[in-house]
Amino acid sequence: MNIVVCVKYVPDATADRKFEDDNTVDRVGVDGLLSELDEYAVEQALQIKDKQADDTEVTVLSVGPENATDAVRKALQMGADKGVHVVDDAIAGSDALATSLVLAEAIKKIPHDLVVCGMASTDGGMGVVPAMLSERLGVPGVTLGSEISVEGETVKIRRDGDASTDTIEGSLPLVLSVTDQSGEARYPSFKGIMAAKKKPVETWSLSDLGVDAGSVGAGAAWSVVESTDARPPRTAGEIVTDEDGSGAKALVDFLASKKFI
Amino acid sequence: MTYELSAEHEAFRKSVREFAEAEIAPHAAEWDRKHHFPSDVVQKMGSLGLMGLTAPEEYGGAGLSGEDGGFTSLCLAIEEIGRVDQSMGITLEAAVGLGINPILTFGTEEQKQAWLPDLVAGRTLAGFGLTEPGAGSDAGATKTKAELVDGPDGQEWVVNGSKQFITNSGADITSLVTVTARTGTRADGRAEISTIIVPSDTPGFIAEPAYDKLGWHASDTHPLTFTDARVPEANLLGERGRGFAQFLATLDDGRVAIAALAVGCIQACLDMSLQYAGERTTFGVPIGAKQGVAFQIADLEVMLRASRLLTYQAAAMKDAGRPMKEFKQAAAVAKLYATESAVTATRIATQVFGGYGFMEEYPVARFYRDAKVLEIGEGTSEVQRMLIARGKGLPVE
């Protein structure tokens, strides 16, 4: 079978993150990496490949600036077979709708039975692209899977909710997103890193996909970030001193005022 | 010309660092305190391929050529593991250098098939039993004996004697130890030393209770005793009577690997000192603003760079297949300089931490205890100086 994993190149959360003048995230001038939440998607795809023990191929797909090749490369180092990187200046500033359009058009050009995504990006964090992809591709979509198994044409997905655990069966082709509970991602081995050097990565532009540049990018976005402010530094906590037995009430009042209870 | 590692080596360093920080660093203090050897985490290092970096693919290794820098990648892995936990660093170093390499280099095809796949995957460990109460670098003074006698299924080696300070020899995942033993007397009257593979479950082979060491608390180190331990004749490793020469051949790699472990230690000292010097204030300013502290940290940076370059250069010589004599000299220089620097670095780091440096709640105290043995294991500083001086043509005894 053919598996496509969608991965995003995101700013390193431990580094200094900043915005461009137009309030979009600066994706070029900062250290970036393969989104940690997408590592779970790569891991699940590789586990399915390992279990299939046939000629299953995992293609990793990323839409992003030049540096996004690093995210593709890391997935190849982990064990994916080949990569596709869609890069085009017109894509900068795209919202989730436009991103899903570019991804969907790219996926249509890649043989695919199963499309695996992370549960959300670690920068935008909307978590809507998987559902949009299933709509655009016209195939079933199951989000937030925490345990995945594939038998023939059937995919079994466990979803852990607050109140219940559901097991869903779907048939291929299918779009799937997996959570950070699905299993720790493997670390690239040196053998994997060396092998990745020889794995093919194709670079496509919007015209390769037949996507009109006017339908993506900041100009086509359905929502615009008006302004951004850095979160204020943490302030000192409030200390409740219990001198006359009123401490417990003061604590409860504080928690209630913050809607913790 | 600049000297730098390949992009692949840097990517691998990152991968091992992420592993070390997630899987090892959070537990290192507890393992140290409890003298606990975490077999499961050692096996995870195996899953990451760390034990197989220099082994061929047919035994499950990475199958890298010298050009790929297989030995350099092993040194990077030891450095990065050692940066968070010296005990796990030496566990990896010994697993490859002392456990896998003798069998890989001198084993018959049957021996390799029997033992290597599990060792290379890190599912099991092997120890190398050389040192004895009366014999360390002077391996010719070995007292442990192995006699070839008739057994029920052909000839057997009967091993008697004891070994000490043997790393990875008594863990629940230890599958064997290779031991050097006297197997006779040579024509010139000197002892004939051979190497024999003794599986862990051999009756008469006992790994005695682990040592109470100054450092490396989470490393598995035992004295071993052999009382009529019988193994098949086919367990002779390599050529009979070549045990000493074989042992010497495995030492040079180990020296570079220990140098890498020392580099990890110095890096840890620098990282900890830098952070603390920026956080801790006295008289209203960070202590890093005081020359007394800042200059010592500058010295750490110098030691780190010099040690790292010597170590990587020696490793690159090994990977490039440079002449043995040249590599031996580079290995001895790297080992001597990096390990003595590591001991100095831990002294500086504990001094930067002041009273807290003496408290076990900070890792700097653990590194202080762990560093000393670097100047001793796999050839003491004195042995390195002797080798270096001899390499310069001096007739040193």
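How much area is buried between chain A and chain B, and what share of it do carbon and sulfur atoms give? About 1,200 Å², with carbon and sulfur atoms giving 67%. Buried area here is the accessible area (1.4 Å probe) that two parts lose on being put together, summed over both. Of what chain A buries against chain B, A:Tyr187, A:Phe190 and A:Lys191 supply 59%, more than any other three residues.

Quick housekeeping, folks. This is a predicted model, where local features need pLDDT of at least 70 and side-chain atom pairs count only at pLDDT 80 or more, while totals for chains, interfaces and linings use all residues. Residues are numbered from 1 along each chain as its sequence is written, chains are lettered from A and ligands numbered from 1 in the order in which they are written, and side-chain values use heavy atoms, with hydrogens and water left out.

Okay, back to the interface. Ten residues of chain A are in contact (heavy atoms within 4.5 Å) with 18 residues of chain B. There are three salt bridges between the two chains, each a side-chain nitrogen of Lys or Arg within 4 Å of a carboxyl oxygen of Asp or Glu. A:Lys191 makes a salt bridge with B:Glu57, at 3.6 Å from N to O.

In chain A, the peptide bond joining A:Leu172 and A:Pro173 is cis, with omega about -5°. In chain B, phi of B:Asn168 is near 60°, a positive value in a residue other than glycine. Is B:Asn168 buried or exposed? Buried (under 20% relative accessible area; exposed is over 50%, partly exposed in between, 1.4 Å probe, protein chains only), with a value of 0%.
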